[in-house]
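Let's take a friendly walk through a protein model together. Please keep the sequence and the 3D view open as you read.

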Amino acid sequence: MVKRVAVILAGCGVYDGTEIHEASAILVHLSRAGAKVQMFAPNADQMHVVNHCEGQPTEEKRNVLQESARIARGDVTDLAKLDVSAFDAVIIPGGFGAAKNLSDWAVKGKEYTIQPQVEKLIKDFHKAAKPLGMCCIAPVLAAKALPGCEITVGQDKECKKWPFAQTACTMKEMGCKHVNKNVGEVHVDVKNKLVTTSAFMCNAPIHEVFDGVGVMVSEVLKLA
């Protein structure tokens, strides 16, 4: 039976939206597995727009849904129309959009909140016992919406390869169980049907990130 998977985007570009390579990897692996995919994004303004050459914010304003359409080749739906009953699973790629547009983690750290629409959907998929996949920084969404869940964002000891390891420490402070994993590995929280992988939280070659995302997609589909 064909699995129906919703993919939630948060803009286009690592510094202010969805990480494009992660989104593309998810779509490729879902396609290869024969899944039926529909992409969604909030119809809302981005927190800000970042010049990706300079890494600095600009005065420009952009809409999350319109920017996500760049990744979706125009075929993206307003997140408000996502019907959990129509899907077998949901996957959320990383990029700062997850921490800026789907939540305010990037600004508030441990005191963050999730965009209400996004939080409700995560809880609704969970309540329906449908699997969730999240990579890179996106697992912080699960940490808030599903207290005490098990996740990985990679490693908890900062080094050149793992520059964002402090995130894992913060997740533990919030009461989550963080499991150290390498970039090609995932952690499966069986109880919560939650599959997470580090992706670009690791300073790794792009093909290793691609492969790790593939393992995440495979494990999500097994649970669906």
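**A guided walk through the fold**

Ala199 has a relative accessible area of 1%, so Ala199 is buried; buried means under 20% relative accessible area, exposed means over 50%, and partly exposed lies in between, using a 1.4 Å probe and protein chains only. You will find Ala199 in the loop between β11 (194–197) and α8 (206–223). The names of helices and strands come from DSSP runs, helices being H or I with at least four residues and strands being E with at least two, numbered from the N terminus. The phi of Ala199 is near 50°, a positive value in a residue other than glycine. Most residues other than glycine have a negative phi.

Before going on, a word on where this comes from. The model is predicted, and local features need pLDDT of at least 70, side-chain atom pairs count only at pLDDT 80 or more, and totals for chains, interfaces and linings use all residues. Residues are numbered from 1 along each chain as its sequence is written, and side-chain values use heavy atoms, with hydrogens and water left out.

Cys136 also has a positive phi, near 65°. This residue sits in the loop between β7 (132–135) and α6 (139–145). Cys136 counts as buried because its relative accessibility is 7%.

Now turn to the strands. Why is strand β1 (residues 4–8) largely enclosed by the rest of the structure? Because 4 of its 5 residues are buried. Strand β1 runs parallel to strand β2 (residues 36–41), and 5 bridges join them; two strands pair if DSSP finds at least two bridges between them. Val5 has Val37 as its bridge partner in β2, and Val7 has Met39. Strand β1 also pairs with strand β6 (residues 89–92) in the parallel sense, over 3 bridges, with Val90 as the partner of Ala6. Strand β2 in turn pairs with strand β5 (residues 76–78), again parallel and over 3 bridges, and there Phe40 stands opposite Thr77.

Finally, look at Glu119 in helix α5 (residues 116–127). Its relative accessibility is 22%, so Glu119 counts as partly exposed. Leaving aside neighbours within four places in sequence, Glu119 is in contact (heavy atoms within 4.5 Å) with Ile114, Lys144 and Ala145.
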